[in-house]
Amino acid sequence: MKLEVQYDSLARQHATARLGMWVFLASESLLFAALFALYAAYRFIYPAEFHAAAAHANVLLGTINTYLLLTSSLTVALSIHETKHGRRRRALVLLAITIGLGVTFEVLKLVEYGLHLRDGIAPGGYYSFSELPAHGAVLYFTLYYLMTGLHALHVLGGLAALAWLWLRLYRGRITSESYLALELGGLYWHLVDLVWIFLWPLIYLVK
Amino acid sequence: MATPDPDTNAPSAITYVVVWVVLIVLATASLLLSDVVVGGSGLALSLVIATLKAGLVAAFFMHLAHGRAAHRMAFAAAIAFLLLLVLGVIADVGTRSIASVYVDDVGN
Amino acid sequence: MAEPDYLRAHAGIRSWLLTTDHKRISIMFFVATTLAVMLGGAFAMLLRTKLLIPGPGIMEPITYNRLFTLHGVVMVFMFMVPVIPAVFGNFFLPMMLGAKDLAFPRINLASFYVYVFGACLTLWGMIHGGADTGWTFYAPYATISPTDVAPIALGVFVLGVSSIMTGLNFIATTHMLRREGVRWNTMPIFVWTLYATSIIQVIATPVLGLSVILVALDHALKMGMFDPALGGDPVLFEHLFWFYSHPAVYIMILPAMGVVAEIVPTFARKNQFSYKALAYSSLGIAFIGFLTWGHHLFVAGISQLDAALFGIMSMFVAIFSAIKVFTWVGTLYRGSISLKTPLLYVFAFIYLFAFGGMTGIAVATTSLDVHWHDTYFVIAHFHFIMIGGTLTAFLGAVHYWFPKMFGRMYPERLGVVSAVLVFGGFNLTFVPQFLLGNAGMPRRYATYPAQFQTLNIVSTIGAYTLGAALLLTLTYLIVSLFRGKRAPANPWGSRGFEWRTPSPPPEHNFVEPFDPALGPYAYEQPDPKEAA
């Protein structure tokens, strides 16, 4: 990475990039905060209907996805660790696993959406699940789509970034001396994991 | 700067794996307990466990524990304002039935 | 041979469009935001013209509704929120820290293009007929309105992204690019206010972003999050919207207060009355400002307990504003006053902001707000802060820093004339609106009862005066760019760091490193050697 003119040292430039990424992560968290607030309000207003609706949540797929993301956080952290210690091949494998776990997450999400839509569980005005017509149930599922949908978009962005980083690592542009970009990508990926850590109990563990 | 970059004191690979094991254990515990502890207490318990998991990911995977103070401040600020928004909304919705002249059609 | 200044360092359109120089990006934002305020001002003139006569007039009510929506959207999101940070913050934050640029110059350039894209989306929505929901997009009307809500809502989202990028850049720069000797407790106050503003931008804007996305989704796809027919609660939209939009008004006023804090010591030739008061009150305003949003929902149907809590918090924020007002006055007291145009704008600011702020306390009183909510009283209150506060400070900043940015002086006498006309025109426009609102004239109506006509005519005459004064200002400033007297490095004899370099500055800001040990308000010390 080239030293930019406003910095005295590469170390300071890198430290500033890390701080910038943390500020960005704080900002992104507030995007989800708005949805958490809506969830909190509607769950408070419709407790029984949320419980009834959550009985139709796909706990199996949701939980598998939780394990996938937690593991992907480990593999990306290890990938950075291996890069730092010069073990490029291991780093590439670990990063590829991370991407694979993320792609699996997205595929399972799509499957889950497909299963719901087949039953008529769609967001907002398109909801047609006659078994559970109550307002609170519709709101639960609309929030489900909005929250997991926004999250899935962030996962997609993260996967694109990780894929680009994989290529740079493969081509030797990321090395044990210069791996800031990988660090920053890892930080973003952990945010995606953090959001899901809270989404999972709120959507799937409502009993 | 006073505190070193997160890099210099980064956890070892073993630490990462141990943290991962704890995360998996906590997630499994949360899943199993959700059938036992239900309702409002269930929500509280699942959120407490989630907070622990999030804390581990942040502290170890994201190097918050041994990194710069400014990073911890950014993280704390995000949490604080998220809680503010949620609590501000609940303070309204939660007290309409006991402290309002308005009654809406959902009975609050 | 002297290094060329930043305007002449590189030639050609590409050197501007692809620049990473914070000063050039500032100029591009200056042009864009000036166009925005002219557009928003044109909408305002049309509104005021319609209001000369009650009853059916020169336009249909739905057209009137579109115009006040667009006036609000353009003024808030394309001018008031970005202007002082993206123009003066971009130009002077690095210089005030002794830095050669911001932390992330390419993100800075990107923030400009994101702004332009957001503005284009919004304008496209306008050309398509524009929304009639008011700039506040309240549910449920925003979800069923026959007008084109989605592109304007999305335009606002994109403009918000630009705002977050600016805030992120400023935070990183302030933490990491202070030169040796520029510390947190000695850096210029303008930096403190920009830092506090940046925290608000980064934390609050995403919540707005999500709420306008929800409105766009509700309008286009019937998502139903706030639809009572689907069990939704429209008041929840207001919670999310105002969680941003109240702190947003502090995004608009804090940088303005920072400008005042720079102009006052220079034209009183005196150190700040209390540096700590100005620095900490900036953080105080930013923090408490987050705790007050419910005062926009007093009569929306929230619980009275919630309303009471928000009312109390709204009173507290005034304490920090008052601390600032007293500090500025304390700095002016017994200073060696130089009555130049920037200081005239500062005097206008102090008076109008204090007056407008007190009317804010009035509407924060829940029982009184029941009477004034959605009347012209509220409109007058916030225009006192936004025009009387932010725009006045903006004009002060333009005149104060014009020599530094462009290397030319503006004509001082015309500056005074314009400032007086702006002040007079502004008061003539908005004082009658307090009276109209108190008498019960509702806002966002294309017509009004006949007994309000006289005051409406007075207000419109004021608006035309204000508009003319602003056009006069713009004209002499543009002429001065080419024909103004050449400006020295430090025409005001300021101790500020940005004055310790030629006017205009070279590309990397300073010809030689300055000694920050001589602080930016050290008037008890002799003037540092002027840069060549």
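Student: How many residues does the contact take from chain C, and how many from chain A?

Tutor: The contact takes 31 residues from chain C and 28 residues from chain A, where two residues are in contact if their C-beta atoms, placed from the backbone, lie within 7 Å. On the side of chain C that touches chain A, the elements giving two or more residues are α7 (149-176), α8 (189-221) and α9 (234-268) of chain C. Of these, α8(C) gives the most, with eight residues. Divided by class, that side of chain C has 20 nonpolar, seven polar and four charged residues (Ala, Val, Leu, Ile, Met, Phe, Trp, Tyr, Cys and Pro count as nonpolar, Asp, Glu, Lys and Arg as charged, and the others, Gly among them, as polar). The model is a predicted one, in which local features need pLDDT of at least 70 and side-chain atom pairs count only at pLDDT 80 or more, while totals for chains, interfaces and linings use all residues. Residues are numbered from 1 along each chain as its sequence is written, and chains are lettered from A and ligands numbered from 1 in the order in which they are written.

Two of the contributing helices of chain C also pack against each other. The axes of α7(C) and α8(C) come within 7 Å and cross at roughly 155° (axes are lines fitted to C-alpha atoms, for helices over the stretch in contact, and angles run from 0 to 180 degrees between N-to-C directions). The angle therefore makes α7(C) roughly antiparallel to α8(C), a term for angles over 145 degrees, with under 35 counted as roughly parallel, 65 to 115 as roughly perpendicular and the rest as oblique. In the contact of α7(C) with α8(C), 21 residues are nonpolar, 10 are polar and none is charged.

Along the principal axes, the C-alpha atoms of chain A fill a box of roughly 60 × 35 × 25 Å. Of the contacts in chain A with a separation of 6 or more, 75% are accounted for by residues 24 or more positions apart.

Chain A also touches chain B, in a contact that takes 34 residues from chain A and 39 residues from chain B. On the chain A side, two or more residues each come from α1 (10-45), α3 (59-84) and α6 (180-204). There α1(A) gives the most, with 15 residues. The residues of this side of chain A are 25 nonpolar, seven polar and two charged.

Within that contact, α3(A) packs with helix α1 (residues 13-33) of chain B at an angle of about 170°, their axes 10 Å apart. The two helices, α3(A) and α1(B), are therefore roughly antiparallel to each other. Residues making this contact include Thr63(A), Tyr67(A), Leu70(A), Leu74(A) and His81(A) of α3(A), and Tyr16(B), Trp20(B), Ile24(B) and Leu31(B) of α1(B). By class, the contact of α3(A) with α1(B) has 13 nonpolar residues, four polar and no charged.

Note on methods: Helices (H or I, at least four residues) and strands (E, at least two) are DSSP runs, numbered from the N terminus.
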